[in-house]
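Hi,

Here is the structure I promised to pass on. Have a look at it first, and my notes follow below.

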Amino acid sequence: MSPLEWLIEPFGLAFMRRALVAGLLAGLTCGLVGTWVVLRRIAFLGDALGHGIVPGVAVATLLGIAPAAGAAASAAVMVAGVTGVSRVRRLGEDTGIGLLFVGMLALGVLIISRSRSFHVDVTSLLFGAVMGVRPVDLWIAGTAAALTLLATIVGHRAFLALSIDERSAALAGLRPGRAHAALLGLVALAVVASFQTVGALLVFALLIAPAATSVLLAARVSTVLLAAVGFAWAAVVGGLLVSYHADLATGGAIALLAVAQFFAVAGVRAFRDRHVRRASARHRALAAPSTSAR
């Protein structure tokens with residue numbers, strides 16, 4: 001099989017084309033939202049929401065309704081709970097995230113373990129079933145991507161100020177409280193729209209890894225946003241190809257490639273920085289005798 005055939009053959013199948021579209025839409029959403037999450041340093045929230053949607057998806061499956069509806073309900077409970085706990089004196093937002101993270105995941109485990117009629121593959125729930133994407137899933141992912149793109153364009157200045165300094169944002173009249181609430185909503189939207197692609201537990205990788213990789217390479221936020229989407233898309237396409245040819249779990253392949261990109265870039269950057277430091281040290285050592293001779 002030629003390299004070109006290796007790349008093209010999988011997407012000759014209808015379900016692979018649907019998986020590709022769903023993955024690219026999820027990559028767009030997660031790349032944009034993940035950039036603000038990484039810059040704001042609230043990565044733990046993305047992880048918590050990824051786990052926190054499990055009970056909602058489980059209940060929705062038991063009731064025979066769309067899993068995305070259950071995921072959205074759980075995400076809304078998570079965001080409301082985190083916001084409520086963060087307003088309690090002597091407690092911070094990280095406390096609320098930790099409490100809701102453990103509580104919602106535990107509730108999901110109990111629902112799944114006690115329901116004898118639970119007929120959905122738990123592996124698909126937790127790690128994704130991108131090969132089983134339906135047209136309605138594409139509509140959900142497309143709507144989420146469009147809303148995320150619109151919010152990023154409209155709220156770019158507020159999100160940027162919030163990421164740099166919340167006090168400065170308040171002084172500039174950008175209402176950081178509302179910007180933070182909007183960001184929480186975008187994180188919830190990204191998780192709900194993407195769990196079908198990589199699963200409730202692995203969506204965190206697609207949300208954080210591409211953005212973190214981009215931060216290592218770019219200084220301008222606009223460049224980071226574009227690069228994050230690019231890295232997310234590369235992970236999606238690569239994960240689909242590897243999973244198809246090697247018969248591996250697609251969600252796991254996508255998540256692992258996203259994380260591998262980060263460590264590859266981090267390794268190259270560390271090697272380059274070390275080389276630059278050594279070259280600079282040699283230059284200073286060579287320059288020192290001539291300086292002292294003067």
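Keep in mind that this is a predicted model. I started with helix H3, where the buried residues are Leu-45, Gly-46, Asp-47, Ala-48, Leu-49, Gly-50, His-51 and Gly-52. That is eight of the ten residues in the helix, which spans 43-52, so H3 is mostly covered.

Next, the aromatics. How many aromatic pairs does a search of the whole structure find? It turns up two.

Trp-36 belongs to helix H2 (residues 14-40) and Phe-159 to helix H9 (residues 156-164), so the contact ties together parts that are 123 residues apart in sequence. Are these two buried or exposed? Trp-36 is buried, at a relative accessible area of 0%, and Phe-159 is buried as well, at 5%.

The other pair is Phe-262 with Phe-263. Their ring centres are 5.2 Å apart with the planes at 80°, so this one is edge-to-face. As for accessibility, Phe-262 has a relative accessible area of 24%, which makes it partly exposed. Phe-263 comes out at 56% and is exposed, because the cut-off for that label is over 50%.

Cheers

Definitions and conventions
Residues numbered from 1 in each chain as written. Predicted model: local features only at pLDDT ≥ 70, side-chain atom pairs only at ≥ 80, totals over all residues. Heavy atoms only, no water. Buried < 20%, exposed > 50% of the residue type's maximum accessible area, 1.4 Å probe, protein only. Helix = DSSP H or I, 4+ residues; strand = E, 2+ residues; numbered from the N terminus. Phe/Tyr/Trp six-rings, centres within 6.5 Å; stacked < 30°, edge-to-face > 60°.
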